[in-house]
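This short report walks through selected local features of one chain. Please keep the model in view while reading.

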Amino acid sequence: MQKMMKLTIILTFATLTLVSCSKITPAGFWTDFDKNLQIEHINDQGPWGGHRAIHWTADNKETFNTKRIIDFATKNGWTLVDSTQHSTRNLIKWKYMNNPIFPLSHTGFSPTVIPSNSVYENFPRWTSSDAMVFHFETGWVSIQPGTDDSNLTNGFVMVNKDQNEMTVYHLWGE
């Protein structure tokens, strides 16, 4: 029964992705947020899952005001679930294959890096100073490969303490 439900969900998302405009693609609405300040964009949306990482920087502090970010996310269907503070000392531990990463996998976000999780390669970390991470339910599902374990909290926005650097991370599917 769960496998049928999983297949139905994935096929529905795949169909929506193929026949809809970019606003409906997972986290696609973020491409319209402060376009002129966007400096990195990684996007791979396939029929069984996908990932996106978008990074912005600004010269001025408080450009990426957290209220504005949360309002934008909420307006576009993301629901804030939690937020966590992370120090520079902890961020430098977020590495995979000696590269800085954001530790997001199909099991979710965890500040404790799992050494053999290649999904991390999809999520480079550009921010290296104290940061706040906002956790969102996105309306998309992330499923741990080989299981029926699903995760609804799979969208994250990382903002540095000066609020002049911001990154969105999103992982969905299997």
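Arginine 125 sits in the loop between strand 7 (108–109) and strand 8. The model is a predicted one. Is arginine 125 buried or exposed? Its relative accessibility is 7%, under the 20% limit, so arginine 125 counts as buried.

The surroundings of arginine 125 can be listed. Beyond its neighbours within four places in sequence, arginine 125 is in contact with Leu91, Ile92, Trp94, Pro100, Ile101, Phe102, Met158 and Tyr169. Tryptophan 94 is 31 residues away along the chain, and its C-alpha atom is separated from that of arginine 125 by 8.2 Å.

| Side chain with the polar atom | Backbone oxygen | Distance |
|---|---|---|
| Arginine 125 | Tryptophan 94 | 3.2 Å |
| Arginine 125 | Threonine 127 | 2.9 Å |

Next, the nonpolar cores. The largest has 20 residues. Trp30, Trp56, Phe64, Trp78, Val157 and Met166 have the most contacts inside it. Two or more residues each come from strand 2 (49–57), helix 2 (66–75), strand 8 (131–143), strand 9 (150–160) and strand 10 (165–173). Helix 2 gives the largest share, four residues. A second core is separate and has 17 residues, including Ala53, Phe123, Val133 and Met158. In soluble globular proteins, nonpolar side chains tend to be buried together.

Leaving out neighbours within four places in sequence, phenylalanine 64 is in contact with Phe33, Asp34, Leu37, Trp56, Thr57, Ala58, Ile69, Val159, Gln163, Asn164, Glu165 and Met166.

Glutamine 163 comes from that list. Where is glutamine 163 found? It lies in the loop between strand 9 and strand 10. With a relative accessible area of 17%, glutamine 163 is buried. Not counting residues up to four places away in sequence, glutamine 163 touches Asn60, Lys61, Glu62, Thr63, Phe64, Asn65 and Thr66.

Methionine 97 is placed in the loop between strand 4 (95–96) and strand 5 (99–100). Methionine 97 is exposed, at 61% relative accessible area, whereas glutamine 163 is buried.

Conventions
Residues are numbered from 1 along each chain as its sequence is written. This is a predicted model: local features need pLDDT of at least 70, side-chain atom pairs count only at pLDDT 80 or more; totals for chains, interfaces and linings use all residues. Side-chain values use heavy atoms; hydrogens and water are left out. A nonpolar core is a set of buried Ala, Val, Leu, Ile, Met, Phe, Trp, Tyr and Cys residues joined through side-chain atoms within 4.5 Å. Buried means under 20% relative accessible area, exposed over 50%, partly exposed in between (1.4 Å probe, protein chains only). Contact means heavy atoms within 4.5 Å. A polar contact is a pair of N or O atoms within 3.5 Å; within protein, one must be able to donate a hydrogen and the other to accept it, and residues adjacent in sequence count only if both atoms are side-chain atoms.
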